[in-house]
Amino acid sequence: MSQSSIPDFFVYGEPVRPLDIGFLHVETVLARGSIHHGQVAAHKHPQMGQITYWTSGSGTYRIEDRSWDFSAPAVSFLPSNVVHGFSIGLGTDAIVVSVADDALAAIAGQSLLPLDRPVFTDGLPDRAAWKRLATVLDMIAAEYVEARAGNDKMLLSLIAVALSHIARLAPATVAAAPSSDASLATGLRRLVDAHFRDNWPVDRYVEALATTPHLLDKAARAVLGSGVKRIVSERRLLEAKRLLLFTVRTVEDIAYEIGFDDPAYFSRFFRERIGEVLAAWRRKQLQGH
């Protein structure tokens with residue numbers, strides 16, 4: 001790719017703009033076919049999450065540095081700021097439901113699916129669970145188009161149901177963590193997203209979240225699977241992978257972008273965690289994409 005940074009979009013192909021409180025948007029992938037022609041480059045949405053339910057056809061779906069070859073039915077949920085893209089064949093379509101972060105927060109307690117991590121799953125079309133999800137997504141699309149009185153409340157309730165069906169289709173994504181831990185971990189994830197470049201010490205995250213080191217570490221391990229330092233380290237590694245894979249920026253430039261003062265130390269950091277040198281990993285990944 002030729003870009004020097006990963007693009008942010010409102011919906012695909014449109015520049016980011018402020019969202020109204022409770023913003024919702026529903027459309028099909030084919031509705032923007034004249035823009036992407038079946039090849040949606042890596043991008044992210046900074047203010048909203050998305051459900052994408054593939055109703056027909058096949059393709060390759062990418063989330064960060066992972067990819068899946070799929071045939072419909074398939075579904076994903078992506079929180080805001082997750083890099084994704086896809087390539088699809090003729091006749092492939094999906095329903096895309098975009099939901100502002102504040103609206104997702106309002107229905108988080110009604111959803112079985114954790115809303116702080118991406119998920120992708122596919123399966124056989126004759127499974128009853130897929131049929132139920134398809135019914136709910138069809139209801140969401142119809143409610144959105146018809147725009148009847150009270151449809152904002154109806155849509156949020158239906159989206160919570162759809163997210164819960166996705167959780168049932170991908171049960172490994174469901175975390176059995178106490179709600180207080182989940183809330184604290186979500187706050188930590190958002191702070192890490194905002195400040196991983198700034199080399200904040202753990203105490204700074206503790207202070208910003210008005211908690212204690214013990215409670216923050218407990219929540220981080222219960223919900224996110226690692227201690228705070230490791231979570232920050234993994235976030236920096238994720239950003240490094242994004243920039244290596246989706247941009248043409250130099251290793252030195254990427255090192256400074258993600259908060260390393262020494263590119264050589266960044267190279268060692270990457271090799272220790274990935275098991276191979278930067279150039280080899282980048283070459284292998286680009287050949288795969």
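Four strands form an open sheet in the order S2-S7-S4-S5, with antiparallel pairing. Two strands count as paired if DSSP finds at least two bridges between them. Strands (E, at least two residues) and helices (H or I, at least four) are DSSP runs numbered from the N terminus. At the edges are S2 (39–43) and S5 (66–71), each pairing on one side only. Neighbouring strands of the sheet are turned by 15° against each other on average, direction ignored.

This is a predicted model: local features need pLDDT of at least 70, side-chain atom pairs count only at pLDDT 80 or more, and totals for chains, interfaces and linings use all residues. Residues are numbered from 1 along each chain as its sequence is written, and side-chain values use heavy atoms, with hydrogens and water left out.

Inside the sheet, five bridges join S4 (residues 58–63) to the antiparallel S7 (residues 84–88). Tyr-61 has Phe-86 of S7 as its bridge partner.

Phe-86 also belongs to a cavity lining. Of the 18 residues that line the largest cavity, Tyr-12, Val-29, Gln-50, Phe-86 and Val-96 are the closest to its centre. A cavity is a set of points on a 1 Å grid over the protein atoms alone where a 1.4 Å probe fits but cannot get out; lining residues have an atom within 4 Å of a point. The count is two cavities of 30 Å³ or more. The largest holds about 210 Å³, a volume being the space filled by probe spheres set on the grid points, which are joined across faces, edges and corners. S1 gives the most to this lining, with three residues.

Helices H8 (residues 228–246) and H10 (residues 263–274) pack with their axes 11 Å apart, at an angle of about 100°. They are therefore roughly perpendicular to each other, a class that spans 65 to 115 degrees. Axes are lines fitted to C-alpha atoms, for helices over the stretch in contact, and angles run from 0 to 180 degrees between N-to-C directions.

| Residue set | Nonpolar | Polar | Charged |
|---|---|---|---|
| Lining of the largest cavity | seven residues | nine residues | two residues |

Ala, Val, Leu, Ile, Met, Phe, Trp, Tyr, Cys and Pro count as nonpolar, Asp, Glu, Lys and Arg as charged, and the others, Gly among them, as polar.

Two backbone details remain. The peptide bond from Ala-72 to Pro-73 is cis, with omega near 5°. Glu-64, in the loop between S4 and S5, has a positive phi of about 55°.

Conventions. 1 Å grid on protein atoms, 1.4 Å probe; cavity = no way out; pocket = protein on both sides within 12 Å on 5 of 7 lines; lining within 4 Å. Parallel < 35°, antiparallel > 145°, perpendicular 65-115°, else oblique.
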